[in-house]
Amino acid sequence: MKSLFTLYIALFACLACAQKKEKSYDAPNGYDFSTPEKFKLSEDLQEISGITFEKGNPDLLFAQQDEEGKLFYFKPGDNATKSVAFGKKGDYEDLAVTNNSVVMLRSEGSLFTFPLSNIKQETVEAQHWKDLLPKGEYEGLAAIDEDSLLYVLCKQCSIDKKTSKTTGYILKAVEGNVNNNGTFHIDNEAISKIHDLKGKPFRPSALAKNLKTNEWFILSSVNSLLVVTDNQWQVKAAYPLDPKLFNQPEGIAFDKNNSLYISNEAGDPSGTATLLKFSFNENNKNKK
């Protein structure tokens with residue numbers, strides 16, 4: 001009898017322990033991070049590093065990977081990708097499509113631009129923009145069609161080394177020309193007050209604007225975190241990401257239906273790159 005009682009106690013303890021270890025992950029209002037539509041990506045995109053849409057059109061996703069100078073495009077869920085070569089091999093990290101132009105960001109901060117109308121060619125001649133940004137490592141690029149502005153966010157820049165801020169740069173893209181148009185900053189201390197960064201600096205890997213809420217969604221693969229700011233870059237929230245779902249999140253975009261997309265690199269040769277779609281639903285409310 002005693003041994004049976006001991007067995008029951010041990011079983012109860014194991015169940016309680018399992019429940020305690022099970023962690024729930026919250027999401028911004030309108031989204032549920034536990035129920036994505038999941039797409040496996042083709043072999044060409046195992047190192048996917050950035051995603052975007054043209055004017056939010058959900059039927060055609062543009063993407064890049066961080067090894068080849070190519071623009072990829074496909075319908076989400078379709079493994080048959082198409083591509084156009086625009087440059088040599090390199091560490092390409094993000095992209096934007098705005099006002100019939102494609103803008104590609106390389107990690108050291110240079111940009112490559114070419115007309116969207118030329119993507120059906122096998123290769124396209126791109127204009128290479130150097131020295132627009134200070135030396136550093138950059139992974140995040142976004143564009144807003146209405147004002148022809150590009151937003152580039154540092155991942156690791158020397159200008160931020162002795163500060164608690166992450167610097168971003170605003171560029172104006174008009175009629176094929178790209179010029180500096182100001183800076184913005186993300187306050188790391190404001191993030192730390194909401195979520196413990198565990199001594200790590202904030203290292204953003206992608207950003208996109210939610211046009212419905214006028215908020216910026218900033219993704220960090222290193223920190224396994226999604227940070228939300230207002231239109232003036234003031235931190236509003238920070239959401240830890242489930243590593244089982246977001247194994248290496250590197251790209252983020254919204255479509256015109258306000259669905260949120262996050263892409264994950266394969267991470268290792270045995271892994272698979274994925275695209276996660278989170279449909280917007282007003283009934284999904286933040287539990288915090």
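**Exercise 1. The largest pocket**

Task: In this predicted model, find which residues lie nearest the centre of the largest pocket, and describe its lining.

Solution. 
Step 1. The largest pocket is lined by 26 residues. Nearest its centre lie Gly 56, Ala 143, Lys 209, Leu 211 and Phe 254.
Step 2. Next, the elements. Two or more lining residues come from each of β2 (48-53), β6 (92-98), β10 (136-144), β14 and β18.
Step 3. Sorted by class, the lining holds 15 nonpolar, three polar and eight charged residues.
Step 4. The volume of this pocket is about 510 Å³.

**Exercise 2. The second largest pocket**

Task: State the volume of the second largest pocket, and find which element gives the most to its lining.

Solution. 
Step 1. The volume is about 300 Å³.
Step 2. The lining consists of 17 residues, and Ser 101, Ala 173, Glu 175, Gly 176 and Asn 177 are the closest to the centre.
Step 3. The elements with two or more residues in this lining are β7 (101-106), β8 (111-115), β12 (165-174) and β13 (177-187). The most comes from β8, with three residues.
Step 4. By class, seven lining residues are nonpolar, nine are polar and one is charged.

**Exercise 3. Two aromatic pairs**

Task: Classify the ring pair of Tyr 151 and Trp 233, then the pair of Phe 217 and Phe 254.

Solution. 
Step 1. A pair of aromatic rings is described by the distance of the centres and the angle of the planes. The whole structure contains 18 aromatic pairs.
Step 2. For Tyr 151 and Trp 233, the ring centres are 6.0 Å apart and the planes stand at 45 degrees, so this pair is tilted. An angle under 30 degrees would count as stacked, and one over 60 as edge-to-face.
Step 3. Tyr 151 sits in strand β11 (residues 149-157), while Trp 233 is in the loop between β16 (225-229) and β17 (235-240); the two are 82 residues apart, and the pair links distant parts of the chain.
Step 4. Tyr 151 is buried because its relative accessibility is 9%, and buried means under 20%. Trp 233 is also buried, at 8%.
Step 5. For Phe 217 and Phe 254, the centres are 5.0 Å apart and the planes are at 85 degrees, so the pair is edge-to-face.
Step 6. Phe 217 belongs to strand β15 (residues 215-220) and Phe 254 to strand β18 (residues 249-254), 37 residues apart. Both are buried.
Step 7. Phe 217 and Phe 254 form one aromatic cluster with Tyr 31 and Phe 280.

**Exercise 4. The nonpolar cores**

Task: Find which residues of the largest nonpolar core touch the most other members, and list the contacts of Leu 260.

Solution. 
Step 1. In soluble globular proteins, nonpolar side chains tend to be buried together.
Step 2. The largest nonpolar core has 20 residues, and those touching the most other members are Phe 33, Ile 252, Leu 260 and Phe 278.
Step 3. Elements giving two or more residues to this core are β14 (206-210), β15, β16, β17, β18, β19 (260-264) and β20 (274-278).
Step 4. Beyond its neighbours within four places in sequence, Leu 260 contacts Tyr 31, Phe 33, Phe 217, Ile 252, Ala 253, Phe 254, Leu 276, Lys 277 and Phe 278.
Step 5. Another core, of 19 residues, lies apart from the largest one; among its members are Leu 153, Ile 191, Leu 207 and Val 227.

How values were computed. Residues numbered from 1 in each chain as written. Predicted model: local features only at pLDDT ≥ 70, side-chain atom pairs only at ≥ 80, totals over all residues. Heavy atoms only, no water. Phe/Tyr/Trp six-rings, centres within 6.5 Å; stacked < 30°, edge-to-face > 60°. Helix = DSSP H or I, 4+ residues; strand = E, 2+ residues; numbered from the N terminus. Buried < 20%, exposed > 50% of the residue type's maximum accessible area, 1.4 Å probe, protein only. Core = buried A, V, L, I, M, F, W, Y, C linked by side-chain atoms within 4.5 Å. Contact = heavy atoms within 4.5 Å. 1 Å grid on protein atoms, 1.4 Å probe; cavity = no way out; pocket = protein on both sides within 12 Å on 5 of 7 lines; lining within 4 Å. Points joined across faces, edges and corners; volume = space filled by probe spheres on them. Nonpolar A, V, L, I, M, F, W, Y, C, P; charged D, E, K, R; others polar.
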